[in-house]
Amino acid sequence: MSSDLDVFVGNTTLIDEEVYRLWLDGHSVAEAVARRLRGGVLEREGTSVAVLQSDTRDHYRTFQMLERLLHAPPRLLQQLLFQIPPERQALLVQRYYAFDEALARELLGKKLSKGTKKELDEVSARTGVGIRSCRRQFDNFKRVFKAVEELRGPLAENIQQLFLLDYAAIVFFANSRFETGKRRLQFLSFADFAACAQSMMGHWSQGALGEPPDPRAPEAAEPDGDLPKSFLQDLKELKVLVADKDLLDQHKSLVCSALRGKISVYNELEANFKALSRALVNVGGKLTHARDVRDFFVDLVEKVIEPCRSDKWSPGDLRLFLTHYTAARHQALWERYMAAITACLLRMYHD
Amino acid sequence: MPGKLKVKIVAGRHLPVMDRASDLTDAFVEVKFGNTTFKTDVYPKSLNPQWNSEWFKFEVDDEELQDEPLQITVLDHDTYSANDAIGKVYIDIDPLLYSEAATVISGWFPIYDTIHGIRGEINVVVKVDLFNDLNRFRQSSCGVKFFCTTSIPKCYRAVIIHGFVEELVVNEDPEYQWIDRIRTPRASNEARQRLISLMSGELQRKIGLKVLEMRGNAVVGYLQCFDLEGESGLVVRAIGTACTLDKLSNTSAFLPACNSPSKEMKEIPFNEDPNPNTYSSGPSTPLKNQTYSFSPSKSYSRQSSSSDTDLSLTPKTGMGSGSAGKEGGPFKTLLRQQTQSALEQREFPFFTLTTFPPGFLVHVGGVVSARSVKLLDRIHNPDEPETRDAWWAEIRQEIKSHAKALGCHAVVGYSESTSICEEVCILSASGTAAVLNPRFLQDGTMEGCLEQRIEEASPPGCGFCHIPYDELNMPFPAHLTYCYNCRKQKVPDVLFTTIDLPVEAIVIGKGCLIQARLCRLKKKAQAEANATSISNLLPFMEYEVHTQLMNKLKLRGMNALFGLRIQITVGENMLMGLASATGVYLAALPTPGGIQIAGKTPNDATYDQHISHMQKKINDTIAKNKELYEINPPELPEEIIGSPIPEPRQRSRLLRSQSESSDEVTELDLSHGKKDAFVLEIDDTDAMEDVHSLLTDVPPPSGFYSCNTEIMPGINNWTPEIQMFTAVRVSRLSTINPTNQTLNKNFNDLCENLLKSLYFKLRSMVPCCLCHVNFTVALPEDELVQIAVTAVAITYDKNQALQANKAPTEKSQQRASTDNEEQLQFPLELCSDPLSSQPFSPAKEVLEGASSHTGIPAAQRATSVDYSSFADRCNSWIELIKLKAQTIRRGSIKTTTSLEKASPLAEGYLRHRSVPSCTNSTVSVVKMTPLSFLPGAKITKYLGIINMFFIRETTSLREEGGVSGFLHAFIAEVFAMVRAHVAALGGNAVVSYIMKQCVFMENPNKNQAQCLINVSGDAVIFVRESELEMLPVQPSTAAPQPTSSAGDVTT
């Protein structure tokens, strides 16, 4: 006796979190049933494999029907087909757009193109994320990227509005195309990059100035995913700090006097100050050129983090240094620039 | 009389892309009513068009208003070729035609297409202006209210219950062989949907006219069905119960009614001589001045006064209990005469109601049913559907005569159904024979004193169980005993009914869903030969279904079935029978005997061993079930020693004298006595299989209960969390050489697995009860069985449930908690009616007593239990009255004190309300339930009937996820469309929801499938009881407060 047709429809759509996870992970019905069996549901509920199969199939069907709506989360709120309590809707969206950090780390800064999609097999093998899940997540990235591409206004808010969640870091990276794949950068996790992206957007983007963007300003027309051009242009002015020897010396003496006796690596600091300062300032100066933007993280690692690490700076030392390094000059542009750089460096300074 | 229908098309959203080139749509809307069509402008290049049209006005007479649906078609404009239809919305404007229902229909409706399903939504506003108010009832039946609910709707009071109304209309089916025909399926299915919509409008209007003729103003328990007779046509038929309903105006009619008795109660302490008339208006006019009211304050008080005399603890009540018993007989005949006079002018004294106002149901005789097998022929003249009318008339006549044989003049819980296969049709009707209180059927025809006496003859807790037929001239062999509750009237050993458990019934333990399942092979045959063979099989099936039910009932240690529904389905090569009912233990009926197996070959030792093994298994199952369903009836006291109360002794004496005269009583006292046991003879392997199958029914997993009635006997503390669902399964019962046994087993497994799967799906709701479990079986093809289940899972509060478990008889309270009107009366019933309905805590004590004496042998235990319970009953009763008085006092001041509390409450209310708003969900939640109520909520308004019919078809079955994917989407769409219509009427729930038809056909070779679904229900507005309490300003909300607090005290 076989059941040809077997459906269960509730007035309130039943969402089983466990099955949803299995579905999101890209398991087939049979795999999902096997995993649920291993989870011991049979013993707990005293039911049969047939029941479990039927239940899993029902949920899978529901998810497949929901997937179309999940592609545009605000529609999920308006649609009439499935009656789902708001907190469940939120859960559906959150889980659907949640990503594996390992995968996100791989995709950071890559062009979300067909070519990249073809490489997903390797990515899947490297990260241990199922290929179907990889594809879904890749499509998610792409969908979010595409949707906000054309929009104006703060990136994070746009994404929040359209997809009801925080996806900004990935889009920001995809937009700016930072190099993240170099061997040097392998020690950095996705979370590190996401935190950096957040600081950069937080401190540098147009919305971060605390005033509504001037609609006449050229930046207002730009998507928020790009850093404001005028800001980047202004950063070039900072070069004078390292180009002018007097200024550099003055800066050095201010910082060194403030740190003497407070920092364990004082000698090394004194020796390296000029090199460090040059690196810190030049990183910003290069941001106007798209090709140099790519090297932002590489430069930070190569020219700041690695030297410090070889001199055995503690994170505390780095923090103290950066605080005083920033405080030694009073200039809004400088402080705005250094706030993000400090946050990034402190986040990245680990093994 | 004419009316003006006004329609405005506001906007659309999420429309499908109709122009591939631009990925956009140029949409416009056609609005059609009758023969008039209006069009909106084309809104170019948008998937979210904003038409914001003018008001389209249709001037029509109200006959048309009733018959026609409003048709809204959304199209894509195409300059060069024909415009493409995107989809349609049918709106039944009937709810706008009666004054008390909805005033406007406004909201987002899913745009539906038979091929593509839901394709976006459209926002529409519909209004109706009816002219000439004075005359508008003449020509049409505008204004007659329709309810699917099979009880008197919650915010109404039944002035008169007139009785049965029926009507049928026939037409040719525009599409009867969909898959083979050349015309596009969409066109013919559109035509079909339109036609059925039109026919049901016409049918409703005709029924309404009949109601007006009877001087009623409403139809309750309205059930409309379609018979798809294939080539011979399409029949739409409906039955219902005509009533005159009065809207309960919450405050004015209500508060005095509940306040005055409560005052009296405070003043009158419990004394030795409770005057039965204290609570009614006065001794001289006890009842006459009260038109029958559903508002239970009156009816309950009346009832309680009578039951007082029956069972009160005091012997000095004027009318001795013994005399009442003696007079019972004559009264019964008197009553019968009265009822007869009230009913005899009616052709069919049938009532589609399953729940009745208290006091309405006097006695219940048992289930009556009739079936007939007919050969369908083409309906030649659709205007004269005489043949079909005659068929039904014949069956109804049979039902009527069956009822008469049971000494009853009426049939309640009446329903009709058909099963069609090719040109053979089985027509079935069933109901419960009953004796009714004529007071409800006619206005003021009864003498007050007579009524008083009638009521004496039937105490509410057990009266309906008392046999209506003549003991010496019984219509069928039955064991009669004296009622275990009142000891005065005879009751049968088991009772089968099609109605819901009466509110006042005294039940022990919990109920459970009981099903009998049966397959019978039949030879494929044509026409008359086929009909004959089916007719020949039917009686055997009925018998077997009955036997199965009886066995399963006994296996659960129960003695009564409610909500019994036997469905016989005909297929090409088999017949299937599925009976569902809710088993309970009625305190008034004797303890059922066990089941005993007897072998036919006693010499064989191994065989004997086998038999005894089976016997043991059965006995174990019975014991286990008794524990599971908490069936611990107080065992009969052999003798009561040293009782401080004289009455019990008197009662026991009475009992003893009875038991002396009647052997049955003593026999039944040995609850597991072999003499009384039901004997199953195992004479062949078939019988063996039957016994095996008896034992295969697994009880639901712990935390689950199920029933097919409105409410689960024995559970009363529902939480507001409900989940209505529909599950459909189609299975192949294929075996190479099918025999009845293998088919039975397959069918049985199919049902059991389906139930198991439901329990698993709903496991997160535990502890919960599946209520109103409604199975429908169809045989779409050879060996294919389709089962559709609709039910609602309701979570209950386990902690409270534990207490409730101890009190076996909280039925009335349980019911009351769902309904404030009833609740109001509750204290009254409690105070004046201590024994017959065994109210709250006393009963609790019964069990506590029992559990504390577990070590004592059964007989002894029984005595002590009874003793303590009597003593406790008395004490707690006094306490209860005090409590009641207090709570009522508290309740009545609550209206004023609540003002002080206003701010925190209002805050709470706001906080509560702000939850959905902050999530910016734009779709309002619509609850759906097959029950007539929503737990923890009060229905404040009925907005009209929802009766919808949809067809869905596909030519790309595989692409849509196969049959399951197709049907899953379709059912979800049907739910969505029902919800949208309810929301547009301003409602937030559908009650008494039912899926009447789900006809699924597939042709996998052609990658095609089609399904047809018909659903109905009542759109309502409900308010959470918690919210009611939080709104102190509204006077109407003050009313339920006393009772809700009273409820807290008693639970």
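A residue is termed buried when its relative accessible area is under 20%, exposed when that area is over 50%, and partly exposed in between (1.4 Å probe, protein chains only). The structure is a predicted model, in which local features need pLDDT of at least 70, side-chain atom pairs count only at pLDDT 80 or more, and totals for chains, interfaces and linings use all residues. Residues are numbered from 1 along each chain as its sequence is written, chains are lettered from A and ligands numbered from 1 in the order in which they are written, and side-chain values use heavy atoms, with hydrogens and water left out.

The size of an interface is often given as the accessible area lost when the parts come together. Here the buried area (the accessible area, with a 1.4 Å probe, that two parts lose on being put together, summed over both) is about 4,000 Å² for chain B and chain A, with 58% of it on carbon and sulfur atoms. Within chain B, the residues that lose the most area to chain A are Phe760(B), Lys761(B) and His968(B), which together make up 20% of what that side buries. In terms of contact (heavy atoms within 4.5 Å), 53 residues of chain B and 36 residues of chain A take part.

Four salt bridges are counted between chain B and chain A, a salt bridge being a side-chain nitrogen of Lys or Arg within 4 Å of a carboxyl oxygen of Asp or Glu. Arg763(B) is paired in this way with Asp16(A), their closest N and O atoms lying 3.0 Å apart.

Over all chains, the structure holds 42 salt bridges. In one of them, Arg520(B) and Glu544(B) meet through their side chains at 2.6 Å, N to O. Helices (H or I, at least four residues) and strands (E, at least two) are DSSP runs, numbered from the N terminus. Because Arg520(B) lies in strand β19 (residues 507–521) of chain B and Glu544(B) in helix α8 (residues 527–555) of chain B, the pair ties together parts that are 24 residues apart in sequence. Arg520(B) is buried at 12% relative accessibility, whereas Glu544(B) is partly exposed, with a relative accessible area of 23%. Salt bridges that share partners also join Asp16(A), Arg36(A), Asp55(A), Asp58(A), Arg61(A), Lys761(B) and Arg763(B) into one network.

Zero disulfides (pairs of cysteine sulfur atoms within 2.5 Å) are present over all chains. For Cys256(A), the nearest cysteine sulfur belongs to Cys308(A) and is 13 Å away; Cys256(A) is buried, at 4% relative accessibility.
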